[in-house]
Amino acid sequence: MKPEDFPKEIKQYIIPEQRGKIVYRCLGCGLEFGIEKLLYTCPNCGQVLLIYDLQFDGLKKISGKLWRKIFDYRRMLTIPALKGIYLYHEFIGPVIPLESVVYLGEGHTPVIEANSFLQKKAGVRFFFKNDGQNPSASFKDRGMASALSYINFLIKNKHISDVLAICASTGDTSASAALYASFLQPHVKSAVLLPHKKVTPQQLSQPLGSGAAVFEIPGVFDDCMKVVEAMSEKYNVALLNSKNAWRILGQESYSYEIAQNFEYNVKDKVIVLPIGNAGNITAVINGFLKFYETGIIESLPKIIGVQSEHANPVYRYYLEPDAKKRKFIPVTVKPSVAQAAMIGNPVSMPRVIHLVDMYNRISGRKNVFFIEVSEQEIIDWELTANRNGHIACTHGGESLAGLVKAKKQKIVKNTDIAVVDSTAHALKFSGFQEMYFENSFPPEFEITSDPDLINTPVLVSPKDLKKVPAPGKPLKKNDFKRFVKRVSEEIATTLNLKTR
Ligand SMILES: *Cc1c(COP(=O)(O)O)cnc(C)c1O
Ligand SMILES: [Zn+2]
C-alpha cells in the first residue's frame with residue numbers, strides 16, 4: 001500500500017521521521033554520554049550502559065490506540081527499511097534515518113502454535129516464536145541490524161571510517177556480525193573470536209562464508225569475551241557483543257512483535273527465553289516496559305528466563321529471595337547442548353538486576369521468574385517439539401523444558417498462554433541431535449538417549465542384488481528394473497506396507 005492511500009489520521013505518522021535525543025546512560029553512576037562516539041562501558045566508572053531517548057515522553061502524546069494503528073498500517077508498506085525491526089522506528093532507534101537502515105530480512109519471525117498433542121504433553125497452551133528464521137538463523141540479527149545501522153549512520157556522517165567490527169561469540173553472534181558487516185564492506189570489516197571447538201561446524205562456516213577474519217581461542221566463551229574487551233579498550237575497533245547497547249535496542253523488537261502478533265493483548269501471556277550472556281532477556285524486558293509506558297499494551301506479560309544446570313549463574317543469583325542478600329557469583333560452565341548460552345559470567349548481569357527489579361515493581365508483583373533445567377530435559381524437549389512440526393534449536397528445547405517446569409511449579413497458570421523462544425534454527429545444532437541418535441554423548445553432558453526419540457537412517461541394499469547404481473554408472477535396463485523392484489520390496493517390508 002502506498003503512503004498516500006492510508007487513512008488521514010495515520011498518514012502523518014506512517015513514515016517515521018528522524019527524531020529523539022539518544023544517549024548512553026551508565027547503570028553504575030548514572031552519567032549520560034552522547035552517541036557520536038562508540039561506547040560500550042562508562043568512561044567514568046566502567047559499568048555497562050543502556051540507551052535512552054531523552055524525548056521518550058514525547059511518544060506518550062500519541063495514544064496507545066493510535067500507536068497500534070500506526071504499526072498495523074505500517075506493515076502494509078513496501079519500504080525495506082521499515083520491514084524489519086525499524087517498523088518500530090520510534091522505539092528502536094529514532095535518530096537513525098531510514099537511508100542508514102541495514103535491512104537483510106530480519107525480524108517478523110513466525111509465531112507457531114504447537115499441535116494439541118504437544119500442548120497436552122507440555123501441559124500448557126503455547127506457541128514457538130521461530131527466531132531461527134532470521135537471515136543468519138538466530139535472533140542475534142535483530143541486534144546486529146540495529147548496531148550496524150547505527151555504524152552505517154556514523155559512517156555516512158563521517159564520524160567514523162574504515163571500521164573493524166569485532167566480537168566474541170558462542171557461534172551465533174559471529175555469524176550475524178559477519179553477515180551484517182559484509183553488507184557494508186568495504187567500509188566495515190569484521191573479525192570474530194570463537195572458543196576453539198565450542199561452536200558447531202555450521203556456526204563456524206557462517207563467518208567464514210561471510211568473509212570475516214575468524215580466530216579460534218583456547219577456552220570457553222568467557223575467555224574470548226575478556227580478550228575482546230581488552231582489545232576494545234586498547235585498539236580502535238567496534239565491539240559487536242551485547243555489551244554494545246545498540247544490540248539490546250534492536251532485540252527489543254522481539255517484544256514489540258509479540259505484542260502486535262497478539263493484537264496487543266499480552267495480559268495472559270508468558271514469555272519464555274533462554275539466558276546466556278543475558279542480553280536478550282534485558283531487551284525483552286525493556287521492550288515490554290516501553291510499550292507499557294506508552295499505553296500500547298495495557299499489562300505486562302510474565303517473563304521466564306531459563307538456564308541449564310551446566311551454565312546457571314543468573315538462576316543461582318535469584319535463588320536468594322531477599323534482594324539485599326543476593327550476590328552475583330560467576331560459575332565455571334560445563335558442556336551444554338544449549339551451547340550458545342554456555343556462559344558463566346554474563347556481561348548483562350547488571351542490566352538484568354536493574355530491569356528485573358523495575359519490571360516487578362511496575363507490574364506490582366513478581367513477574368520475572370528464573371528456571372533451571374537439566375541437559376537431558378533440554379534435548380528431550382527439543383527432539384519432541386521437532387517431531388511435532390517445529391524447527392526448534394537446543395535453546396528452543398531449553399525454553400520449552402523451562403516452561404514445562406514452570407507449569408509444574410505453578411508459576412504458569414492453566415489459563416496462561418506461553419510464547420517460547422526458539423532462538424536459533426535447529427540445523428545449527430544438528431550435531432547434538434546426531435550424538436543423541438547415536439547415543440554417543442560424552443559423560444560430562446549427562447545425557448542418555450531415550451530409545452523412543454532415537455532416529456537413524458536405514459541403508460537399503462538387498463543382499464541378492466549383484467548390481468547397484470553408482471554415480472556416473474547407471475544400471476542397464478533389466479538390472480535397473482530388478483534394482484527398483486527389490487529395493488521397493490525391502491522398504492515395503494520394513495514399513496509393513498500392504499499391496500493395493
Ligand atoms: C546468544 C544466544 C542465546 C543467549 O542469549 P543471550 O542474549 O546471550 O542471553 C541463546 N540462544 C541462542 C541460539 C543464541 O545464539
Ligand atoms: Zn558510570
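The zinc ion (ligand 2) is held in a tetrahedral arrangement, because its four donor atoms subtend angles of 95 to 119°; four donors count as tetrahedral if all angles lie between 85 and 135 degrees. The structure is a predicted model, in which local features need pLDDT of at least 70 and side-chain atom pairs count only at pLDDT 80 or more, while totals for chains, interfaces and linings use all residues. Residues are numbered from 1 along each chain as its sequence is written, chains are lettered from A and ligands numbered from 1 in the order in which they are written, and side-chain values use heavy atoms, with hydrogens and water left out.

## The zinc site

The protein donors of the zinc ion (ligand 2) are the SG atoms of Cys26, Cys29, Cys42 and Cys45, lying 2.3 Å from the ion; donors are N, O and S atoms within 2.8 Å of the metal (3.2 Å for Na, K and Ca), and since water is not among the atoms, sites may look incomplete. Along the chain the donors of the zinc ion (ligand 2) follow the spacing C-x2-C-x12-C-x2-C. Cys26 in strand β1 (residues 22-26) and Cys45 in the loop between β2 (32-34) and β3 (49-53) are 19 residues apart, and this pair links distant parts of the chain. Helices (H or I, at least four residues) and strands (E, at least two) are DSSP runs, numbered from the N terminus. Cys26 counts as buried at 3% relative accessibility, whereas Cys45 is partly exposed, with a relative accessible area of 40%; buried means under 20% relative accessible area, exposed over 50%, and partly exposed in between (1.4 Å probe, protein chains only).

## The protein as a whole

The protein has 17 helices and 13 strands, and its C-alpha atoms fill a box of roughly 80 × 55 × 50 Å, taken along the principal axes. Of the 500 residues, 56% count as buried. Among contacts (heavy atoms within 4.5 Å) with a separation of 6 or more, residues 24 or more positions apart account for 72%.

## Aromatic pairs

Rings of Phe, Tyr and Trp (its six-membered ring) pair if their centres lie within 6.5 Å, with planes under 30 degrees apart counted as stacked, over 60 as edge-to-face and the rest as tilted. By this rule the count comes to 23 aromatic pairs. The rings of Phe71 and Phe91 have their planes at 65° and their centres 6.0 Å apart, so the pair is edge-to-face. Phe71 lies in helix α2 (residues 64-74) and Phe91 in helix α3 (residues 89-92), so their pairing ties together parts that are 20 residues apart in sequence. Both Phe71 and Phe91 are buried. By contrast, the aromatic pair of Phe480 and Phe483 is stacked, with 6.2 Å centre to centre and 25° between the planes. Phe480 and Phe483 are separated by about one helical turn, because they are three residues apart in helix α17 (residues 477-495). Phe480 is partly exposed, with a relative accessible area of 42%, and Phe483 is buried, with a relative accessible area of 18%. One aromatic cluster is formed by Phe56, Trp67, Phe71, Tyr88, Phe91, Tyr256 and Phe291.

Gly143, in helix α5 (residues 140-156), is buried, with a relative accessible area of 0%. Not counting residues up to four places away in sequence, Gly143 touches Trp246, Arg247, Gly250 and Gln251; the C-alpha atoms of Gly143 and Trp246 are separated by 6.8 Å, although the two are 103 residues apart along the chain. His310 lies in the loop between β11 (302-308) and α12 (313-317) and counts as buried at 3% relative accessibility. Leaving aside neighbours within four places in sequence, the residues in contact with His310 include Lys334, Glu375 and Glu444.

## Backbone geometry

Most residues other than glycine have a negative phi, and most peptide bonds are trans. The peptide bond from Gln185 to Pro186 is cis, with omega near 10°, and Pro186 lies in the loop between α6 (172-183) and β7 (188-195).

| Residue and phi | Location | Relative accessibility |
|---|---|---|
| Asp162, phi near 45° | Asp162, loop between α5 and β6 (163-168) | Asp162, 65%, exposed |
| Glu263, phi near 50° | Glu263, loop between α10 (253-261) and β10 (269-274) | Glu263, 67%, exposed |

Technical notes
Tetrahedral: all angles 85-135°; square planar, octahedral: opposite > 155°, others 65-115°.
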